[in-house]
Amino acid sequence: MELRGMPVVKKMAEIDRVAVEELTAKGVIPTLAVIRVGEREDDLSYERGLMKRFDSVGAKVRSIVLDLDVSEEKLIETINECNEDKDIHGILLFRPLPKTIDEKKVIECVSPAKDVDCMCLENIAHTFAQDNEGFEPCTPSAVMEMLSANDIDLTGKNVVVIGRSMVVGKPLAMMLLKKNATVTLCHTRTKDLKGICQKADIICAAAGSPKMVDASFVREGQVIMDVGINVVDGALCGDVDYDGVKDIVEAVTPVPGGVGSVTTSVLLRHVIRGAQKSI
Ligand code: NAD
């Protein structure tokens with residue numbers, strides 16, 4: 001079975017449209033400020049996707065573009081303006097930033113209440129504490145939304161996460177743990193990754209290594225969530241060799257059209273929550 005993102009996106013949009021209508025009736029339009037430094041094509045393409053998704057439910061994206069040679073002071077000033085603007089409920093800062101800027105310092109200037117993609121340490125701490133405060137990172141949340149929307153129960157399941165980044169692997173492991181999965185977090189130094197994957201019930205691949213999870217990693221009955229987004233010879237592909245595994249496993253997400261498409265909907269939902277809290 002192919003686990004596509006679009007049915008999940010549509011289900012989420014039905015709920016979000018109603019929430020935005022309710023907020024709009026109270027004079028609040030959920031708004032995300034996107035702070036972009038320069039004109040990187042992948043940022044531009046993500047921003048276009050965001051605008052379309054937000055527009056479809058009546059929410060807004062405000063694009064703030066800064067020159068590539070922007071100073072750290074100016075960037076922090078821009079973030080502070082967004083922090084103080086009552087009409088902005090979420091802030092997304094495209095990264096990586098130019099090397100002249102201290103990324104860690106700048107990120108911590110974003111108000112945790114508007115940090116809808118969990119960049120700041122305060123929201124990361126909430127994610128690890130699993131206390132339902134703050135915002136969890138959008139990509140691992142998208143994996144969780146897809147599992148839940150497809151009625152894939154995690155209790156007692158052996159779940160392997162490949163990748164230990166702070167953006168995907170580590171927070172995803174914590175979120176799976178909260179749903180009572182038994183989680184194995186793997187990385188480049190893991191021994192016998194194939195053997196570990198073969199024993200899993202669910203594999204979440206977030207390594208950034210094109211098609212590394214091939215037929216030799218999987219067995220029948222497994223669910224494979226592919227978080228990877230890679231460009232090979234101009235074409236998008238995931239960390240999973242989709243064609244190689246699709247006839248063996250029970251379910252697998254495609255790339256594109258899988259987890260990535262749900263990430264934007266999670267971000268929208270976080271901005272709506274920010275707007276609700278602001279009243
Ligand atoms: P990263 O480079 O920061 O981390 C990759 C992790 O994978 C590292 O911990 C590394 O140890 C591990 N890894 C790499 N190669 C491995 C291998 N061969 N075997 C075992 N472990 C290996 O990447 P990231 O930011 O976590 O992103 C991971 C992937 O997810 C990338 O392809 C990225 O483009 C994609 N991504 C997708 C979304 C989305 O919305 N779907 C969002 C963010 C990132």
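Author: Happy to. Let's begin with the second largest pocket: 30 residues line it, and those nearest its centre are Glu136, Met144, Glu145, Met175 and Lys179. Keep in mind that this is a predicted model.

Reader: Nice. What volume does the second largest pocket have?

Author: About 680 Å³.

Reader: And which helix gives the largest share of its lining?

Author: That is α10, with six residues in the lining of the second largest pocket. Helices α1 (6-25), α5 (121-129), α6, α7 (169-178) and α10 each supply at least two residues there.

Reader: How does that lining split by class?

Author: The lining of the second largest pocket has 11 nonpolar, 10 polar and nine charged residues.

Reader: Let me step back for a moment. Which domains is the protein chain divided into?

Author: There is domain 1 (10-114) and domain 2 (138-261). Their C-alpha centres lie 28 Å apart. The second largest pocket takes at least three lining residues from each of these domains.

Reader: OK, now the largest pocket. What is its volume, and which residues are closest to its centre?

Author: The largest pocket has a volume of about 1,500 Å³. It is lined by 44 residues, and Tyr46, Thr139, Ile229, Gly260 and Thr263 are the closest to its centre.

Reader: Where does the largest pocket lie relative to the two domains?

Author: It lies between them, because domain 1 (10-114) and domain 2 (138-261) both give residues to its lining.

Reader: Which element gives the most to that lining?

Author: Helix α2 does, with nine residues in the lining of the largest pocket. The elements that each supply at least two residues are α2 (41-55), β3 (90-93), α6 (138-149), β8 (230-232) and α10 (259-278).

Reader: And the classes for the largest pocket?

Author: Its lining has 21 nonpolar, 13 polar and 10 charged residues.

Reader: Great, on to the ligand. How many residues surround it, and which are the closest?

Author: The ligand is surrounded by 19 residues, with Thr139, Arg164, Ser165, Ile229 and Thr263 the closest. Three names here also came up for the largest pocket: Thr139, Ile229 and Thr263 are among the residues closest to that pocket's centre.

Reader: What distances do you get from the ligand to the side chains of Thr139, Ser165 and Thr263?

Author: For Ser165, a polar side-chain atom lies 2.5 Å from an oxygen atom of the ligand. A side-chain N or O atom of Thr263 is 3.0 Å from a ligand oxygen. For Thr139, the distance from a side-chain N or O atom to an oxygen of the ligand is 3.4 Å.

Reader: How much of the ligand's accessible area does the protein cover?

Author: The protein covers 70% of the 850 Å² that the ligand has on its own.

Reader: What classes of residue make up the shell around the ligand?

Author: That shell has eight nonpolar, 10 polar and one charged residues.

Reader: Last topic: how many cavities of 30 Å³ or more does the structure hold?

Author: It holds one. About 40 Å³ of space lies in the largest cavity.

Reader: Which residues line the largest cavity?

Author: Its lining consists of Val37, Arg40, Asp43, Phe94, Arg95 and Pro96. By class, that makes three nonpolar, no polar and three charged residues.

Notes
Residues are numbered from 1 along each chain as its sequence is written. This is a predicted model: local features need pLDDT of at least 70, side-chain atom pairs count only at pLDDT 80 or more; totals for chains, interfaces and linings use all residues. Side-chain values use heavy atoms; hydrogens and water are left out. A residue is near a molecule or strand if one of its heavy atoms lies within 4 Å of it. A polar contact is a pair of N or O atoms within 3.5 Å; within protein, one must be able to donate a hydrogen and the other to accept it, and residues adjacent in sequence count only if both atoms are side-chain atoms. Accessible areas come from the Shrake-Rupley method with a 1.4 Å probe; for residues, only the protein chains shown count as cover. Ala, Val, Leu, Ile, Met, Phe, Trp, Tyr, Cys and Pro count as nonpolar, Asp, Glu, Lys and Arg as charged, and the others, Gly among them, as polar. On a 1 Å grid over the protein atoms alone, a cavity is a set of points where a 1.4 Å probe fits but cannot get out, and a pocket is an open set with protein on both sides within 12 Å along at least five of seven lines; lining residues have an atom within 4 Å of a point. Grid points are joined across faces, edges and corners, and a volume is the space filled by probe spheres set on the points. Helices (H or I, at least four residues) and strands (E, at least two) are DSSP runs, numbered from the N terminus. Domain bounds come from an automatic or database domain assignment.
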